[in-house]
Amino acid sequence: MGSMAKRGINLDGFLKKQKRAENDFDDYSEDYCEADETSSPGTSTSIDIDTNDGSSDNRGLNYNSATITGKLDEIRDPAKGTEGVATRFYEGYGPYQPRCHYPLDSSGRHFCFQWYSQFDWLEYSPSVNKAFCFVCRVFGRTSKQHEAFVSTGFQKWKSALEKFRAHQSSAAHKTAVLTWKTAQRTRNNPETNVVTLVNYQKKKEVDENRQYLKNIVETLIFLGRQGISLRGHCENNESLNKGNFLKLLAFRAKDNQLINQFLINKEKGVTYTSHGIQEELLDIIGENMTDSIIAEIKSAGAFALILDESLDISRHEQAAVVLRYVNPEFAIKERFVGFFRAVQTDGESLYQLVQGVLSKFKLSIDHIVAQCYDGAANMRGIYKGVAARIKKDNSKAIYIHCNGHILNLVLVDAAKTVTAARNTFGTVAELHNFMEASAKRHAVFEEMQKESGSKMYTLKGLSDTRWACRAEALKIIVKRLDELVMALQKIADEDPSCGAQAQSLLNSICTFDFIFNLVVLNEVFSITKYCQSIYNMLMCLYVLHGAKSML
Ligand SMILES: [Zn+2]
């Protein structure tokens, strides 16, 4: 993920990269934009005098009255010939009619810009100080008679008006004008203009590619957000179930024309669904998410670092990093920014890991105001723990022993040392093991719940690390104690193989001690479960005080 950020990859970048690999849909759009930019009249550096009377082809071009230095002016100079002139015509450029310094000839005469308004086909070349006919150059046929206006240029300023009129009424010029007008009409009508049609088609294709890719990204985000795996065991054409990602896309194709075109009918030759593309897009999405989190943290100015290590499924030590900060609306945010592989779990290695994470996100260690870990020696050790090392760099980074971990430790100890709690949890675990180990016994419990017309519950087991599970296990027994007693009674009466066990459980739960402890522990654990889920320490204390006074 980090390397992608350095390379500055985003969706647009991805699109451009893909297009190079698979086809050149986007190439065109880039070229198109560049062409537009370089030919844009707005980019010329000149004093602008608009001589366009609205009917000419000059698309409001501005003439440089001082100097003519632009690259485009140089290309458009009629003395340069006709190369590219037709393309420029379709881009909207007509006769080249600059207003500039017109040199005098030997008889003291020069070209006059007023002639432009009289002869809309007239062009002037500053490089050779000669006049040309745009229409004959571009749309006419070369003939000896009109060579001056087409290729060599006209310079006899003394008889200019007379010669211009004569040229204008010539048959060759008139034919060229006819072609010119037709071409103008075609160019200005997008429905019949070939260039516009090609442009439109290409642009449409690029837009469709982008829109389709957006659909792919949305699908990936949906699956990621819901925590659903993407791939199937077998994704070839014969497979009946190609995994969630492809199946969801196929499902969306029923209502989505674009997905249907790309994925089902394969009209475009690309589907953007390979494993490599899935991973690259997921990386980009993750990158965008962390970017916006980090931007928010930077604007907050200060943050707390929360870190915990654990083994992943492949037995590698991973550190989960969470950053806590206050957003502009003064709401506390805790954001998970990633799992990072820990080479070793000693203080120095984890300290290096923290430094690596901070530099990856371009966050300064000076802005840490608090650090929060479990109570292990590698984290909190006063000389070599991560907390001590970070404090050496930034004395303001107060170490806080994670309150979630403290709560867990307190509950574990309380459950072990308080005999009443220990016995109650023992019975709760036995009840779960007994009822849920057999489908037959589970069915009896279900039957009792059905008879009483209440909502169905299944007994929950206990987990040593997840205390929320304990709260859930206690809550269900409190809610369904009557049905549980009736079920145990029925098993004790009717089942010869495990009736004795059922009777002994029945004896343990039908006592004042068990029921009293169950109710009290249920109250306590429902509060601890709530405390685990709120960010605000003061709120936690408030709730705990309330619970204490209630008990
Ligand atoms: Zn002409």
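Modeller: Searching the whole structure, which is a predicted model, turns up 24 aromatic pairs. Here a pair means rings of Phe, Tyr or Trp (its six-membered ring) with centres within 6.5 Å; planes under 30 degrees apart are called stacked, over 60 edge-to-face, and the rest tilted. Take F111 and Y124: their ring centres are 4.6 Å apart and their planes meet at 35 degrees, so this pair is tilted. It joins distant parts of the chain, since F111 is in the loop between α5 (85-90) and α6 (115-118) while Y124 is in strand β3 (residues 122-125), 13 residues apart. Helices (H or I, at least four residues) and strands (E, at least two) are DSSP runs, numbered from the N terminus.

Before going on, some ground rules. Residues are numbered from 1 along each chain as its sequence is written, and side-chain values use heavy atoms, leaving out hydrogens and water. As the model is predicted, local features need pLDDT of at least 70 and side-chain atom pairs count only at pLDDT 80 or more, whereas totals for chains, interfaces and linings use all residues.

W157 belongs to the loop between α8 (147-152) and α9 (160-168), so its pairing with F111, in the loop between α5 and α6, ties together parts 46 residues apart in sequence. Like F111, W157 is buried.

F111, Y124 and W157 are members of one aromatic cluster, together with Y102, W115, Y116, F119, W121, F149, F154 and F164.

Next, the zinc ion. Its protein donors are C133 (SG), C136 (SG), H167 (NE2) and H173 (ND1), at 1.9 to 2.2 Å. Donors are N, O and S atoms within 2.8 Å of the metal (3.2 Å for Na, K and Ca), and water is not among the atoms, so sites may look incomplete. The angles among the 4 donor atoms run from 101 to 114 degrees, and the site is tetrahedral. (Four donors count as tetrahedral if all angles lie between 85 and 135 degrees; four count as square planar and six as octahedral if opposite donors are over 155 degrees apart and all others between 65 and 115; anything else is irregular.) Along the chain the donor spacing reads C-x2-C-x30-H-x5-H. C136 is buried at a relative accessible area of 5%, and H173 is buried at 2%.

Rings also sit under charges here. K181 lies over the face of W180, 4.6 Å from the ring centre. Elsewhere, the charged end of R470 is over the ring of F425, at 4.9 Å from its centre. The rule is that NZ of Lys or CZ of Arg is within 6 Å of the ring centre and within 35 degrees of the ring normal.

For context, some nonpolar packing. A nonpolar core is a set of buried Ala, Val, Leu, Ile, Met, Phe, Trp, Tyr and Cys residues joined through side-chain atoms within 4.5 Å. The largest such core has 39 residues, and those touching the most other members are L431, F434, M435, L459, I477, L488 and F525. Elements giving two or more residues to this core include α19 (419-436), α21 (467-479) and α24 (512-532). Leaving aside neighbours within four places in sequence, L459 is in contact (heavy atoms within 4.5 Å) with residues including L431, M435, F445 and I477. Apart from that core lies another, of 29 residues, among them I293, L307, F340 and F361.

Last, the whole chain: it has 25 helices and 9 strands, and 38% of its 551 residues are buried. Of the contacts with a separation of 6 or more, 59% are between residues 24 or more positions apart.

Terms used
Buried < 20%, exposed > 50% of the residue type's maximum accessible area, 1.4 Å probe, protein only.
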